[in-house]
Amino acid sequence: MGGVEDDEPASKRMKLSSEELIHLSNGSTVKESIVGSSRDLMARPLQSDGGEEVVGSKGVIKKVEFVRIIAKALYSLGYRRSGAHLEEESGIALHSSIINVFMRQVLEGDWDESVATLHNIGLTDEMTIKSASFLILEQKFFEFLDEEKVMDALKTLRTEISPLCINHSRVRELSLSIVSPSHCFTVRSPKQDTSRARSRTKLLEELQKLLPPTVMIPERRLEHLVEQALGLQRDACMFHNSLDEDISLFADHQCARDQIPSYALQVRFYFGNQIL
């Protein structure tokens, strides 16, 4: 499904865990992350009786996917230690080791290495690989311009970005950035921040949208599933007559029949122009 399986034992995984990478994306340094206590957390292998384990009464929820989505939600909510403990206790990693490497390379600005890793992830769609490479190299291009390394930016454009043969209008805009440096700010995407750390984090978010969800789980996936379930319950409610904020996660939504007007409070009879 677009990603490679990670069969490496926990002791051989990369130094940076998913928790540490999330911490990095919030602006911390590599050194700060490695010093953290979560570096000693080791994910134990998942025990299975054969086939994919499932949870729930219907037997349609894959346990590995379920745990990964919960871990992703914990990290997104800022509960980094809880997310790391969930990975450790379940033996299910949020990301494979190669994805952890890829994310770290992007956040650290190792552009050539990140493009090489991208090709080794196991993606089958060539356009996805090209589009992701384009975003990475575009970030490399802009950072060269920020450092006033115009010749390096030009080389990146000519030898790395242009040969991808995609997004030709965008390539022309990047060329204008070299000819007219003041044009650089108008060419930058609204999602590209002038702060390098934030810009790289946003780049990672854009890459996440391109890559298959089995490789990198989309942001707010658990929230989306819950909102979708609540919406379906509301639409299926025959006597729905309540506000959305009154819907609770603790019970299936069902408006009672007595919430709908069902009997007359007053009866008026008209005789000509008079009310009796």
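Before the first point, a word on helix geometry: axes are lines fitted to C-alpha atoms, for helices over the stretch in contact, and angles run from 0 to 180 degrees between N-to-C directions. The model is predicted, so local features need pLDDT of at least 70 and side-chain atom pairs count only at pLDDT 80 or more, while totals for chains, interfaces and linings use all residues. Residues are numbered from 1 along each chain as its sequence is written, and side-chain values use heavy atoms, with hydrogens and water left out.

1. Overall make-up. The protein has 12 helices and 4 strands (DSSP runs numbered from the N terminus: H or I of at least four residues for helices, E of at least two for strands). Of its 276 residues, 36% are buried (under 20% relative accessible area with a 1.4 Å probe, protein chains only). Among contacts (heavy atoms within 4.5 Å) with a separation of 6 or more, 54% join residues 24 or more positions apart.

2. A helix pair. Helix α3 (residues 63-76) packs with helix α4 (residues 80-90) at an angle of about 160°, the axes being 7 Å apart. The two are therefore roughly antiparallel (angles over 145 degrees). On the α3 side the contact uses V67, I70, A71, L74 and Y75, and α4 brings R80, S82, G83, A84, L86, E87 and S90. These residues divide into 7 nonpolar, 3 polar and 2 charged, where Gly counts as polar.

3. The largest core. Which residues have the most contacts inside the largest nonpolar core? They are F102, L118, F141 and I161, in a core of 34 residues (buried Ala, Val, Leu, Ile, Met, Phe, Trp, Tyr and Cys joined through side-chain atoms within 4.5 Å). Helices α5, α6, α7, α8, α9 and α11 each supply at least two residues, and α7 gives the largest share, 9 residues. Another core, of 5 residues, lies apart from it and includes I69, A84, L94 and I217. In soluble globular proteins, nonpolar side chains tend to be buried together.

4. I161 up close. Leaving aside residues up to four places away in sequence, I161 touches F134, L137, E138, F141, T156, V171 and L174.

5. A buried arginine. Is R200 buried or exposed? R200, in helix α11, is buried because its relative accessible area is 11%. Not counting residues up to four places away in sequence, R200 touches V106, L107, E108, G109, W111, Q139 and E143.

Terms used: Buried means under 20% relative accessible area, exposed over 50%, partly exposed in between (1.4 Å probe, protein chains only). Angles under 35 degrees count as roughly parallel, over 145 as roughly antiparallel, 65 to 115 as roughly perpendicular and the rest as oblique.
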